[in-house]
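Every answer sets a value against its definition.

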Amino acid sequence: MTGQITATQLSKTFRKNQAVRGVSFDIAPGEIYGLIGPDGAGKTTTIRMLAGVMDPTRGTARVNGLDTTRQAEQLRAHVGYMAQKFSLYGDLSVRENIEFYADIFGVRGKARAERIARLLKFARLDQFQDRDAGVLSGGMKKKLGLACAFIHRPRVLFLDEPTNGVDPISRREFWDILSDLHIEGVTIFISTAYLDEAERCSRVGLMYRGEIIREGTPIALRQLVQGDLLAIITPDLQIAENVAQKLPGIFEVQVYGDRLHVFVDAGATRAREIEIALVAAGATIKQIRPAAPHLQEAFISLISHL
Amino acid sequence: MSLHRLWAIIRKEFRHIQRDKRTLFLVTLSPAIMLIAFAYLFAFEVQSVRLGVWDADQSALSRQFIASLIADGKFSLAENGNGYESLRGAMMRGDIHLGVIIPPDFEAQILAGDGASVQLIADGSDTIAAAGGVTRFRQRTAEFARRLTSTSSAPPIIVQAQAWYNRDLDSTFAMVPGLVPIVMIMPSLAIALAITRERELGSFETLIATPIHAFEYLLGKLIPYIAYGVVSASIAYALAIIWFRVPLRGPVPDLLAMTVLYLFASLGVTLFICGFIASQGTAMRVVMLLFFIPSFFLSGVTLPVDTKSGPGQFISFLLPASHFVQITRGAFLKAMGIDQLAAQSLNLFLIGVIPFALGILTFRKRV
C-alpha cells in the first residue's frame, strides 16, 4: 500500500464491545474519502485511530508514511483533526482561537499574521473575528473549527461529522470550503451521516457495526440502494405499517417518529396504490410524498439486502 | 519544549480565568470570604495537647505531679526540657503547645505547707490548643493539689500562665494565619475544574492532535493559577492584618515565596490527580475529599494533631496544609523567615515537584 492514509485490519475493543472490527483503507493523496454510517457504527473510533488520538486494539495505520501509534507525535505537524464535539474555546474570540492553535502548531513570524488573515477570509469569518466563539452559529463554529485544524497547513485533514446539526446552507458553504482545500491537494477524510454529502466525496466507505460493508464511488454506491423512498405522514402508524408491508413492489417499511418510510420499486405508481390500500384499511393519511433517502434508511435497506 | 507553546497555554489560561466569573471569584475573593466565615465560626474542643516539661525539682512530688497531668491522655509529654531555651525551641518547632516549668523548691514548698507555684507557657500562635490547654491544666493542678491536702483551705499550687507569641491569647488574633492554608484550597478547586472542563467540553481532544508536550500543557496551566493564588493569598493576608489586626512579624517577601511553594504543592498534586479524572463533578468531590477535609482535621490547623507518631503522621505529612500552617503561624506570630522555615518549605517543594513530575510521565495524549 502506498496511499497517504493506509490502514490494515484496524480494530478497537472497549471492554467487551467491539466498536471497530478490522477495517482497512488505502487512500490516495488528494482524495476526499467519506466515511458514512449511522450513529454507533464506529466512525468516530475509526477517525480517532487514524488521527493518532486513540490507539487501536489491533491492526495498524499509517498516515503520510508515519505509524499513527508509535509515531503519533511526529504525525501531528502533518495532520489536522476536527473532533466531533465542538471543541474550541467558547470564551475566546474567533481570532484568539485561531491564534492559539497557530502558536501551538508553531506558526510564527510573518506567516502567522498572513495565514490567520487568509483563513479568516477563507472561512468567511473575517467580519466576526472579535466575536466570542461560544456565541457563533453552529455553522460558523464548524468553519472556525476547520480553520483551526488547518492553521498549520497539514497535508491530511480528518473531520469527524463536521456538518452534524448544521443548517443546509451552512453545510453547503462548509463543503465549498472543503472543495477549495481539495483543489489545493489536501487529502480529506470525513465522516458524515448525510447521504447528499457522500456525493461530494471522491470515494465513500459505508460503515455498519464496526465494519466497512461497501466501498466505492458515490455513483456506484447509490446504485446499490434499490428503488425510491416515500414518506407517509399518518396518525395510524400501526395500521399503515401492517398494510404497506403486504403490498406488491415494496422493498422496505420503516417507522420514523410520526411517519412511515417506504422503499418502493417505482415511487410514482406505488404512491397511489399505497394511498388507496391505506384508506381502505381505515387509516387517515395526512401526506404522502417522495423523499430523498437519508443515509440511515438507505443503510437499513442495504443491510437487509446483504 | 517550546516557550511559544507554553506561552500560548499560559495566555489562554489567563483569559479563561479572567472571563469566567466563577473561576475568577474562586481564585481571588473566595479564600478571603471563607477566612472571615471560619474566623468567626471557630470554637473547637481540644483533643490532645502536647506538653513540654522542665522539671527543675526532680523530686518524687514533681514526678507525681507530671504523671497526674498525663494520666488520661488529654495531655501528652512531648519534651523533657532543661531550661527556657529548650522549651522555646520545642515550641518554635511546633512540638509542644504548652511548656510547664516546675521550680526547684516545688516539693519543699508544698511539704512546708506554703503553696508552690508552677509556671505555664502557652504557644499563643496556636490559640485553640493553647486556650483549651491552659484551662485544663488549671483544673488538673487543682485536682492534684486537693489530693495532697486534706484541709482544702488555700490551693497550694499556683499556676502562673503566660502566652508566648501572642500575649493576649485573643482567639481570632492568632487563629487567622493558621486558617489561610485551608481557604487557599480554592485555587486547587479552580484548576481541577478548569482541567476537567477542558476534557468534558472536548477541547482536550483537539489539543491531543497538536504537538503540545505534557510539560508545556501542565506548566502552562499551573503558572496562571499560582499567579492568581498569590493574589488571593495576598487578599487573605491583608484581611488578616487590617481586619483581624494580626501582626505580620516575619518578612513579607519570605511569606510570599513560601506561599508560592504551597500553591505549587497543592496545585501540583491536583494536576496529577486530575490526569485520571474525567468530569468536573468528580474533580470537585476529589479535591474536597482529598484536601479540604483532611486539611481541616489532620493538618493541625483546627485540632492539635499528634504528627509525631501514628497513622495520622503520614497523612499529615503528605498534606501541603500541614506544612503551610506552620509557615503562616511562624511568619505572622513568631516572626519567622524562610530560613527558619526551610524544612517546611523544602517539604512543600517536594510535595509539589514529585506529583508534577509524575503528572508529566503519566500524561497520555490519547482519548
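Q: What makes S3(B) and S4(B) a pair, and in which sense do they run?
A: Two strands pair if DSSP finds at least two bridges between them; strands themselves are DSSP runs of E, at least two residues long, numbered from the N terminus. S3(B) and S4(B) have 4 bridges, so they pair, in the antiparallel sense. Within this pairing, B:Val100 stands opposite B:Leu120 in S4(B).

This is a predicted model, in which local features need pLDDT of at least 70, side-chain atom pairs count only at pLDDT 80 or more, and totals for chains, interfaces and linings use all residues. Residues are numbered from 1 along each chain as its sequence is written, while chains are lettered from A and ligands numbered from 1 in the order in which they are written.

Q: How do you know that S1 of chain B pairs with S3(B)?
A: Strand S1 (residues 49–55) is joined to S3(B) by 5 bridges, and the two run parallel. B:Trp54 stands opposite B:Ile101 in S3(B).

Q: Why is B:Val118 called buried?
A: A residue is buried if 20 or more other C-beta atoms lie within 10 Å of its own, exposed if 12 or fewer, and partly exposed in between, with C-beta atoms placed from the backbone. B:Val118 has 20 other C-beta atoms within 10 Å, so it is buried. Its place is in strand S4 (residues 116–123) of chain B.

Q: Why is strand S3 of chain B described as largely enclosed?
A: Because 5 of the 5 residues of S3 (residues 98–102) are buried. B:Leu98, B:Val100 and B:Ile102 point one way, and B:Gly99 and B:Ile101 the other.
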